[in-house]
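Reader: I am new to this structure and would like to understand the words used to describe it. Could you take me through them with care, setting each value against its definition?

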Amino acid sequence: MNTEFKESLSKRLKEAREKTGLSRQKLATKANISTSALYYYEKGDQIPSAEILLSISKALKVSVDYLLGLTDIPILQEPGSELLPSYLKLLPIYECQDKVDISNFPNQFPIVEYGTLNKRFPADYGIRIHLEDYPIFFLSKNSEGGIIWIDEKGKNKLYPGIFVLIIVENKLSVREVLKDVETGKIFLISFVQGELPIVIEKEDINSHIIGRVLAWNVFWPTEETLNNTTKA
């Protein structure tokens with residue numbers, strides 16, 4: 001896990017609570033979480049979910065960006081004001097590694113940061129992924145890694161031309177979807193030269209596909225693709 005991120009979040013969370021004069025118990029009550037959970041957040045042993053982080057920031061009347069270390073200005077909020085612009089949502093970003101377990105994805109990996117995304121994208125979370133074989137889409141293993149946004153609920157809404165995140169031999173892979181109209185079979189096409197496509201039956205989608213890829217660090221859907229996504 002990103003140690004610097006954990007330390008920054010835990011430090012700012014504790015400092016913001018102390019500046020407001022709230023005890024740990026009172027803040028926990030305001031944020032509707034347990035005192036023990038808040039203790040672990042402040043200690044840096046655990047990372048709060050996006051929903052809990054928003055609740056805590058609202059109780060402390062500071063911005064989420066401040067707690068995450070993205071700004072040094074607390075930006076105290078007026079009562080009733082929004083902590084995020086109405087068109088944005090806060091999503092967790094997981095650090096993905098080898099040996100992926102599809103039954104526990106992405107929770108088997110640590111949350112390393114949070115990101116904001118337009119609510120028009122039906123993303124459930126983001127993942128930071130290191131794939132040397134996909135230089136067009138991701139950064140190399142020597143870099144910070146590319147972040148992609150996943151619509152996990154969209155794995156059963158497949159149509160030709162979209163991209164999906166799948167597991168191949170316990171490793172993550174991004175493939176383009178093609179469909180055989182006559183047989184109903186789905187072909188998952190790789191971007192790696194010489195790598196054969198994967199052919200699956202529609203009923204076997206859940207054992208292969210994690211979700212639709214909505215966007216990544218160098219690619220954003222066209223207006224047409226975005227409209228198709230929001231209508232699906």
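Reader: What share of the residues in the protein is buried, and what makes a residue count as buried?
Author: In this predicted model, buried residues make up 43% of the 232 residues in the protein. A residue counts as buried when its relative accessible area is under 20%. The secondary structure around these residues comes to six helices and nine strands.

Reader: Why is Ala31 called buried?
Author: Ala31 is found in the loop between helix H2 (24–30) and helix H3 (35–43). Its relative accessibility is 4%, and the cut-off for buried is under 20%, so Ala31 counts as buried. Leaving aside its neighbours within four places in sequence, Ala31 is in contact with Ser55, Ile56 and Ala59. Ala31 and Leu54 are 23 residues apart in sequence, and their C-alpha atoms are 8.8 Å apart in space.

Reader: Why is Asn32 called exposed?
Author: Asn32 is likewise found in the loop between H2 and H3, and its relative accessibility is 71%. Exposed means over 50%, so Asn32 counts as exposed. Asn32 also has a positive phi of about 60°, although it is not a glycine.

Reader: Why is Lys61 called partly exposed?
Author: The relative accessible area of Lys61 is 42%; partly exposed covers the values between the 20% limit for buried and the 50% limit for exposed, and therefore Lys61 is described as partly exposed. The place of Lys61 is in the loop between H4 and H5, just after H4, and there it takes a positive phi of about 60°.

Reader: How do you know that the buried residues of H3 are on the same side of the helix?
Author: The buried residues of H3 are Ala37, Leu38, Tyr41 and Glu42. They cover an arc of only 135° around the axis, which puts them on the same side of H3. What covers these buried residues includes H1, H2 and H4. Just after H3, Gly44 takes a positive phi of about 90°.

Reader: Which residues of helix H4 are buried, and what covers them?
Author: In H4 (residues 50–60), the buried residues are Ala50, Leu53, Ile56, Ser57, Ala59 and Leu60. Their cover includes helix H1 (3–20), H2, H3, helix H5 (64–67), strand S1 (88–95) and strand S2 (111–118).

Reader: Why is H1 called roughly parallel to H4?
Author: Two packed helices are described by the angle between their axes and the distance between the axes. The axes of H1 and H4 come within 10 Å and cross at roughly 30°. Angles under 35 degrees count as roughly parallel, so H1 is roughly parallel to H4. The contact is made by Leu9, Leu13, Ala16, Arg17 and Thr20 of H1 and by Leu53, Ile56 and Leu60 of H4.

Reader: Why is S1 described as largely enclosed?
Author: Eight of the eight residues of S1 are buried, so S1 is largely enclosed by the rest of the structure. Leu88, Leu90, Pro92 and Tyr94 point one way from the strand, while Lys89, Leu91, Ile93 and Glu95 point the other way, and all are buried.

Reader: How do you know that S1 and S2 pair?
Author: Two strands pair if there are at least two bridges between them, and S1 and S2 are joined in the antiparallel sense over seven bridges. Lys89 stands opposite Leu117 in S2. In the loop between S1 and S2 lies Pro106, which a cis peptide bond, with omega about 5°, joins to Phe105.

Technical notes
Residues numbered from 1 in each chain as written. Predicted model: local features only at pLDDT ≥ 70, side-chain atom pairs only at ≥ 80, totals over all residues. Heavy atoms only, no water. Helix = DSSP H or I, 4+ residues; strand = E, 2+ residues; numbered from the N terminus. Buried < 20%, exposed > 50% of the residue type's maximum accessible area, 1.4 Å probe, protein only. Contact = heavy atoms within 4.5 Å. Arc of directions from axis to C-beta. Axes fitted to C-alpha atoms, helices over the stretch in contact; angles between N-to-C directions. Parallel < 35°, antiparallel > 145°, perpendicular 65-115°, else oblique.
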